[in-house]
Amino acid sequence: MNSSSAPRPRPTRRIALTAGGASIAALLAACGSEDPTRGAGGPGGSGGSDGGGGGGSVDEDILARIQENGSIRIGLEGTYRPYAFHDDSGELVGFEKDIADKIAEGLGVTPEYIETEWDSLIAGLDVDRYDLVINNVGITEERQQKYAFTEPYAQSIGRIAVPEDSEVQAAEELEGKRAAQTATSNWAQQMEKLGAEIVPVQGFAEAIELVVQGRVDATANDFISFQTYQEEHPDAAFRLLDAELPTDVTVGVIMQQEQQPLLDAVDEILAGMKEDGSLAAIYEQWVGQDITPEA
């Protein structure tokens with residue numbers, strides 16, 4: 001998720017979800033006592049679409065189900081450094097994983113991570129495969145027509161990478177060029193607006209490799225992704241265009257609509273993390289700068 005602009009201030013890290021804790025607890029207790037029979041069964045596993053948590057009926061109180069099960073199912077890719085990925089030991093780590101851990105902690109439940117490729121990730125909410133998706137999902141009008149978003153927890157700053165020896169110097173020169181993007185991403189839409197032909201890929205790693213190999217003309221993504229890749233591959237033969245990709249996209253936690261108790265609870269946890277500095281501290285650890293929208 002990054003760029004060549006000057007780093008923003010770096011805060012210190014201390015996780016303490018104190019803000020709004022009492023009200024969240026009250027909210028959870030109230031929601032959990034409405035109907036103890038709703039959503040009975042265990043949480044879904046990574047191999048199934050509905051698990052034992054129910055069929056995702058529109059009138060089901062998912063927050064009450066989460067409480068009853070004692071766990072929350074969270075969808076993510078798990079392959080996207082430094083958002084959420086597996087380190088050398090195989091452990092799932094990353095800043096969105098840390099945020100998800102804190103959301104589960106604030107709800108008083110255990111997180112269960114279900115990893116899915118991007119192109120089918122959001123659709124997993126439709127079949128009740130998980131309760132939330134935390135995966136750098138941009139808040140767009142189109143998505144808001146079908147799903148609910150929390151208040152944004154991150155600001156997405158777009159950049160465009162081209163092969164090191166490319167003649168392209170500005171975004172306006174990409175018309176008719178080939179750009180490697182996941183087909184349903186915000187970045188694909190941005191590149192289409194610039195007149196580029198989209199070459200579909202599975203994810204960022206494949207896209208940047210095609211650029212480095214000179215098999216496509218460009219790829220767009222969050223500056224953090226490029227920053228991280230450059231740190232890991234300092235000799236990679238690509239460069240970033242100077243200008244940021246014009247976008248005001250912010251990132252939020254996404255869930256089914258008509259789940260106001262869950263939405264309110266997660267929003268309150270995120271607000272507390274912003275207020276006490278713990279969200280900025282997570283970004284400091286993984287990114288080196290604060291990417292909360294207010295920053």
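User: Hi! Which residues have the most contacts inside the largest nonpolar core?

Analyst: Phe95, Ile99, Ile103, Leu107, Tyr153, Phe238 and Leu262 do, in a core of 56 residues. A nonpolar core here is a set of buried Ala, Val, Leu, Ile, Met, Phe, Trp, Tyr and Cys residues joined through side-chain atoms within 4.5 Å, and buried means under 20% relative accessible area (1.4 Å probe, protein chains only). This is a predicted model, where local features need pLDDT of at least 70, side-chain atom pairs count only at pLDDT 80 or more, and totals for chains, interfaces and linings use all residues. Residues are numbered from 1 along each chain as its sequence is written, and side-chain values use heavy atoms, leaving out hydrogens and water.

User: Switching topic: in what order do the strands of the open sheet run?

Analyst: The order is β11-β8-β12, with antiparallel pairing; two strands pair if DSSP finds at least two bridges between them. β11 (219-222) and β12 (238-240) each have a single partner strand, so one side of each lacks a neighbour in the sheet.

User: How many bridges join β8 to β11?

Analyst: There are 4, and isoleucine 160 has alanine 220 in β11 as its bridge partner.

Conventions. Helices (H or I, at least four residues) and strands (E, at least two) are DSSP runs, numbered from the N terminus. Buried means under 20% relative accessible area, exposed over 50%, partly exposed in between (1.4 Å probe, protein chains only).
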